[in-house]
Amino acid sequence: MLKFGNSTIPKGISYDKKDIINYFFKIKTNVVENATRVSSPYMMGHMTSALPFFHKHISKLISSLNQNVVKVETSSTMTFLERETLSKLHRAFYNMEDNYYKELLTKNDGCFGCITSGGTIANLTALWISRNNAFPKTDNFNGIEKEGIISALKYYNYNDIAIIGSELMHYSFKKAADILGIGLNKIYTIPVDSEYKIRIDLLTEKLQELKQKRIKVITIVGIASTTEVGSIDDLEKLADLAEEYGAMFHVDGAWGGSFILSDKYRHLLKGIQRADTITIDGHKLLYTPIGCGVVLFKSPFLPTTTIRKVANYIIKTDSMDHGKTTLEGSRPANALYIHASLNILGQHGLRYLLETSIENTKYMYNLINLYPQFEIISKPITNIFTYRYIPTWLQNKNIQIKNKNNDINSSFYTTNNNNNNNNNSNNNNNNKIYLEKYNNSDNAYERINDVTFNNEESEIIDDERLRKGFVSKTIIKTTKYPNCTNGVAVLRVVIANPLITKESIKTVIEEQIEFGLKLEKEYCN
């Protein structure tokens, strides 16, 4: 950080070639050489990945053309390429007839969606539409966008507004509720079940309660792969409830929405085609550079009747300008990244990347599950799962590590020389019971959390603890340990990078065990 402490702007212009070369040398030394290696096959902790080779060239093209897709006048071709890109994604989820897309691609009063800078703006746009759609214009009321929330509530005879979804909703919904004047306290979060899906029974109860209190639910949010554990809500049942209670149905598929392209895993998204709006991030599992969010509209006319804004000098009412229905004004032509991924990788290429990521995740999950040093907290539904490190003094004393098979070089070994599989299974069960007892102790709970949190490995640590691997850390509530009301500390694995291999997975696990033992010694000292 000390390398970036100069707050003054140089006064002169750098004409000298040596000065320019020196500037780039400093950037190379201070930024590039120490940047986080997000493409590393040992980086397994965040939603970043290595990118297809062609995006380097696409990036240069976007910068060189410097198109502004807020209006056709500054993006004469990119405007239409963006519309085509959005139609491809819309078709992947909603799959309308050919003529439907051909006709709407040429109309200026509808759009399939919006390209945004990320999932946060996409979710905000969806809630913006939901709010305005819930309190529309009538002969005696100019709509919430002109009259405001207080007037809208009075006119429609409601006491308040609500957004509802699971307790694992992304924090961007808090930002949206704040910006839209709804308030964070009006976000109702419902507990999840043992599979980290929203509990439909509790959701139904809350919806009925809000209805009786004359509180208008503008949106029911379904999650297609939660950030923490990768779980996917029952979207079909959520769609049913949205219809029953007159709310819009939004699916946050920023991470998991891309699995619509996988024949093998598309079933996980059953019901998503009934969503009024869908968020999906290109820079996650469509393998584009950062800055490619998308919000899709089931009805292309939904945004034009709820959030359209025009200006005489820039965005004409009868134009094809995308700025009419986007929250952001000036925008780069980042749709080209998504367009390139969809066309160059195609369905088969993206499907391969997605399915490989899940296979690698399951491989790591199965491997982790064999070690007594770790305890699985959430199983992988897609390519995310969580676990935690268990210190030696909390492991079952009659279990030791020994070679179990040549593939993973580890096994469970009992001190009484009884090595049959049944004993291994029983020892595992005893170990879980042993851990559950300790989880009820505040002292043991804190000690497990301490060692787990400090076992987050990174390339960006001091030389003494330099490691190749990285997994992230978080705290989640789990039905596995209901007494831990503040949640348990976990290590979180996210595998999307196609450069990750079985060997790199083994390396990260071995490093975590080694690192955990070092931390135990430090803790005891």
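Trainee: Is Y196 buried or exposed?

Mentor: Y196 is buried, because its relative accessible area is 7%. The labels work like this: buried means under 20% relative accessible area, exposed means over 50%, and partly exposed is in between (1.4 Å probe, protein chains only). Before we go on, this is a predicted model, where local features need pLDDT of at least 70, side-chain atom pairs count only at pLDDT 80 or more, and totals for chains, interfaces and linings use all residues. Residues are numbered from 1 along each chain as its sequence is written, and side-chain values use heavy atoms, with hydrogens and water left out.

Trainee: How does V32 count, then?

Mentor: V32 counts as partly exposed, because its relative accessibility is 49%. You'll find V32 in helix α1, residues 17-32.

Trainee: What lines the largest cavity?

Mentor: On a 1 Å grid over the protein atoms alone, a cavity is a set of points where a 1.4 Å probe fits but cannot get out; a pocket is an open set with protein on both sides within 12 Å along at least five of seven lines, and lining residues have an atom within 4 Å of a point. Here, 20 residues line the largest cavity, and R83, G110, C111, H322 and T325 lie nearest its centre.

Trainee: Which residues lie nearest the centre of the largest pocket?

Mentor: Those are M47, H170, Y171, T227 and K284, out of 26 lining residues. The elements giving two or more residues to this lining are α5 (119-134), α11 (282-285) and β12 (472-476).

Trainee: How many residues of each class line that pocket?

Mentor: Ala, Val, Leu, Ile, Met, Phe, Trp, Tyr, Cys and Pro count as nonpolar, Asp, Glu, Lys and Arg as charged, and the others, Gly among them, as polar. The pocket lining has 7 nonpolar, 13 polar and 6 charged residues. For the largest cavity, the lining has 5 nonpolar, 8 polar and 7 charged.

Conventions: Helix = DSSP H or I, 4+ residues; strand = E, 2+ residues; numbered from the N terminus.
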